[in-house]
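The structure is shown first.

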Amino acid sequence: MRALGLARPGESLTVLCLGAHSDDIEIGAGGMLLSWIAAGVRLHVHWCVLSAAGPRAAEAEASASAFLAGAASTAIELAEFKDSFFPYQGGEIKAWLSGLKARISPDVVLTHRRDDAHQDHQETCRLTWNAFRDHLILEYEIPKWDGDLGQPNLYMPLASEILERKIELLLAHFGSQRSKDWFDAETFRGLARLRGMESRAPERYAEAFVQRKGLLG
């Protein structure tokens, strides 16, 4: 299958990463970001976590800095909306995203999948589409107890060393999550292997996304 590339080595790409919680962007799209940087794309990243307070803020900032090492430029913003209550804070989050849009115009926006079972993830996706109507939006997936994985339609093949680096960084930076029975290398590697099988990725691993609207140039 012929690949559709967003940027070649040496070209610039501006990316807005939106995550409800401190580890969401890394789990859903960390491999994609690491791959672009390793390929020599001049990546300009605006990384935003909507619920990051206390120890989770420190984890978020340290992890984002590690994942984005080698990027052409980075900006990390951490908000403190109440975890698990996003549907009741929709107005405030919408205003926050509107202010963000007034400051940046990314080539691609990474956000949560619309059908994700977590209420914070759903609200983040809904308000992303509300704010960034004229942008390419890719929705990433988060494995969880709910068993809500869907049928993606866009894949990013991952080199084996990229996947291992992603897993290494996740386990190193999110000590607060290690007690969760799903937060381990087997989960992350297993999902990447499944998506790699679906896309026939050259090195057997991939991240998967939903692209609801796109434009061929």
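## Arginine 113

Arginine 113 sits in the loop that connects strand 4 (108-112) to helix 4 (119-131). The model is a predicted one, and in it arginine 113 has a relative accessible area of 6%. Because the cut-off for burial is under 20%, arginine 113 counts as buried.

Which residues does arginine 113 touch, if those up to four places away in sequence are not counted? The list consists of Cys125, Glu139, Tyr140, Glu141, Asp148, Leu149, Gly150 and Val210.

## Proline 143

Proline 143 belongs to the loop between strand 5 (136-140) and strand 6 (154-158). Its relative accessible area is 7%, so proline 143 is buried. With neighbours within four places in sequence left aside, proline 143 is in contact with Ile27, Leu149, Trp182, Thr187 and Leu191.

Proline 143 and arginine 114 are 29 residues apart along the chain. Their C-alpha atoms are separated by 14 Å.

## Aromatic pairs

A pair of aromatic rings is described by the distance of the centres and the angle of the planes. How many aromatic pairs does the count come to? The count is seven. One of them joins phenylalanine 81 and tryptophan 96 in an edge-to-face arrangement, with 6.4 Å centre to centre and 90° between the planes. Phenylalanine 81 is in the loop between strand 3 (73-78) and helix 3 (90-103), while tryptophan 96 is in helix 3, so this pair ties together parts that are 15 residues apart in sequence. The two partners can be described by their accessibility: phenylalanine 81 is buried at 13%, and tryptophan 96 is partly exposed at 23%.

Phenylalanine 183 and phenylalanine 188 form another edge-to-face pair, with 5.2 Å centre to centre and 90° between the planes. Phenylalanine 183 and phenylalanine 188 are both buried. Ring pairs also link these two residues with Phe174 and Trp182 into a cluster.

## Backbone with positive phi

Most residues other than glycine have a negative phi, and most peptide bonds are trans. Serine 84 has a positive phi of about 75° although it is not a glycine. Serine 84 is placed in the loop between strand 3 and helix 3. With a relative accessible area of 31%, serine 84 is partly exposed.

Arginine 204 also has a positive phi, here about 80°, and is not a glycine. Where does arginine 204 lie? Arginine 204 lies in the loop between helix 6 (185-199) and strand 7 (205-211). Its relative accessible area of 45% makes arginine 204 partly exposed.

## Serine 105

Is serine 105 buried or exposed? The relative accessibility of serine 105 is 61%; the threshold for this class is over 50%, and serine 105 therefore counts as exposed. Serine 105 is in the loop between helix 3 and strand 4.

Phenylalanine 132 is 27 residues from serine 105 in sequence. In space the two are 8.9 Å apart, C-alpha to C-alpha.

## The whole chain

The protein contains six helices and seven strands. Along the sequence these elements follow the pattern β-α-β-α-β-α-β-α-β-β-α-α-β. Among contacts between residues at least 6 apart in sequence, 79% join residues at least 24 apart.

The C-alpha atoms fill a box of roughly 45 × 45 × 30 Å along the principal axes. Buried residues account for 51% of the 217 residues.

## Surface and charge

The protein exposes about 10600 Å², and 51% of this area is supplied by carbon and sulfur atoms. There are 24 positive and 29 negative side chains. The centres of these two sets lie 6 Å apart.

Key. Residues are numbered from 1 along each chain as its sequence is written. This is a predicted model: local features need pLDDT of at least 70, side-chain atom pairs count only at pLDDT 80 or more; totals for chains, interfaces and linings use all residues. Side-chain values use heavy atoms; hydrogens and water are left out. Helices (H or I, at least four residues) and strands (E, at least two) are DSSP runs, numbered from the N terminus. Buried means under 20% relative accessible area, exposed over 50%, partly exposed in between (1.4 Å probe, protein chains only). Contact means heavy atoms within 4.5 Å. Accessible areas come from the Shrake-Rupley method with a 1.4 Å probe; for residues, only the protein chains shown count as cover. Lys and Arg count as positive and Asp and Glu as negative; His and the chain ends are not counted. The place of a charge is taken as NZ of Lys, CZ of Arg, CG of Asp or CD of Glu. Rings of Phe, Tyr and Trp (its six-membered ring) pair if their centres lie within 6.5 Å; planes under 30 degrees apart count as stacked, over 60 as edge-to-face and the rest as tilted.
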